[in-house]
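User: Hi! I'd like to walk through this model with you, helix by helix and then loop by loop. Could you start with how you describe helix angles?

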Amino acid sequence: MRFGFLAFCLSLILAYSPLQAQTLRILAFGDSLTAGLGVDPADAFPAKLEAALKARGHDIVITNAGVSGDTSTAGAERLDWALDGKIDGIILELGANDALRGIDPQQTEKALDQILTELQKRKLPVLFAGMLAPRNLGPDYGNKFDALFPRLAQKHGVLFYPFFLDGVAAEPALNQPDGLHPNSKGVDMIVSRILPITEDLLKQVSSK
């Protein structure tokens with residue numbers, strides 16, 4: 001009888017224990033590379049990253065907050081709306097459209113700095129994905145654009161993945177016909193390469 005009562009009490013303690021594992025909710029905030037332009041929703045970056053993390057035993061939900069065509073400034077303008085809800089951490093991927101449109105890197109840096117500052121105020125762990133400018137924009141533009149991402153990562157002390165399209169850019173077999181957006185295999189490549197640092201993000205989230 002006593003054993004049964006103790007077992008019952010233990011089950012109640014475990015059920016309401018603050019140490020009990022909870023689903024981690026990550027927001028993937030970005031442009032068409034996050035949204036999954038041109039691929040099925042199940043093949044978009046957030047969906048495939050979530051599946052890969054679940055396969056490694058993580059209890060996680062990744063919300064796709066990518067908007068095709070967004071520049072960094074457009075992302076900053078919709079940030080408050082995107083953060084409305086339960087969020088434990090952020091994957092921030094913006095900047096590709098800035099480079100494609102030749103936007104002044106100072107403007108891009110100002111917008112991304114604004115985003116990172118707001119996330120810091122909210123005490124949200126961040127994985128910041130960098131971008132590289134197309135080489136046809138010239139070395140002056142490329143150097144200024146490329147350098148702003150690691151500079152901001154250092155300023156805000158966030159996890160940094162230097163190039164979101166690492167291993168995929170300029171690889172025809174991994175991209176759609178436009179040569180800009182990854183196909184399903186390209187998304188697989190991105191996920192496989194960013195997975196380790198994403199697990200570092202989950203460690204930060206869990207230790208909050």
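Analyst: Happy to! Angles under 35 degrees count as roughly parallel, over 145 as roughly antiparallel, 65 to 115 as roughly perpendicular and the rest as oblique. Please keep in mind that this is a predicted model.

User: What is the handedness of the crossing of α3 and α8?

Analyst: For the pair α3 and α8, the crossing is right-handed.

User: Is Glu50 buried or exposed?

Analyst: Glu50 sits in helix α3. Its relative accessible area is 17%, and the cut-off for buried is under 20%. Glu50 is therefore buried.

User: Which backbone nitrogen lies 2.8 Å from a polar atom of the Glu50 side chain?

Analyst: Setting aside neighbours within four places in sequence, Glu50 contacts Ile60, Val61 and Ile62. One of these also has its backbone nitrogen 2.8 Å from a polar side-chain atom of Glu50: that residue is Ile62.

User: How do α6 and α7 run relative to each other?

Analyst: Helix α7 covers residues 139-156, and α6 packs with it at an angle of about 15°, with axes 10 Å apart. Since angles under 35 degrees count as roughly parallel, α6 is roughly parallel to α7.

User: How many nonpolar, polar and charged residues are in the contact of α6 with α7?

Analyst: From α6, the residues in contact include Leu112, Asp113 and Leu116. Among those of α7 are Phe145, Leu148, Phe149 and Arg151. The contact of α6 with α7 divides into five charged, four polar and eight nonpolar residues.

User: What is the phi of Lys123, and why would I notice it?

Analyst: Most residues other than glycine have a negative phi. Lys123 is in the loop between α6 and β4 (126-129), and with 66% relative accessibility it counts as exposed. Although it is not a glycine, Lys123 has a positive phi of about 60°.

User: Where is Ala170, and what is its phi?

Analyst: Ala170 belongs to the loop between β5 (159-161) and α8. Its relative accessibility is 73%, so Ala170 counts as exposed. Ala170 is not a glycine, yet its phi is positive, at about 65°.

User: How far is the C-alpha atom of Ser206 from that of Gly89?

Analyst: Ser206 is part of helix α8, and its relative accessible area of 53% makes it exposed. Along the chain, Ser206 and Gly89 are 117 residues apart. Their C-alpha atoms are separated by 9.8 Å.

Note on methods: Residues are numbered from 1 along each chain as its sequence is written. This is a predicted model: local features need pLDDT of at least 70, side-chain atom pairs count only at pLDDT 80 or more; totals for chains, interfaces and linings use all residues. Side-chain values use heavy atoms; hydrogens and water are left out. A crossing is left-handed if the near helix is turned anticlockwise from the far one by less than a right angle, and right-handed if clockwise. Helices (H or I, at least four residues) and strands (E, at least two) are DSSP runs, numbered from the N terminus. Buried means under 20% relative accessible area, exposed over 50%, partly exposed in between (1.4 Å probe, protein chains only). A polar contact is a pair of N or O atoms within 3.5 Å; within protein, one must be able to donate a hydrogen and the other to accept it, and residues adjacent in sequence count only if both atoms are side-chain atoms. Contact means heavy atoms within 4.5 Å. Axes are lines fitted to C-alpha atoms, for helices over the stretch in contact, and angles run from 0 to 180 degrees between N-to-C directions. Ala, Val, Leu, Ile, Met, Phe, Trp, Tyr, Cys and Pro count as nonpolar, Asp, Glu, Lys and Arg as charged, and the others, Gly among them, as polar.
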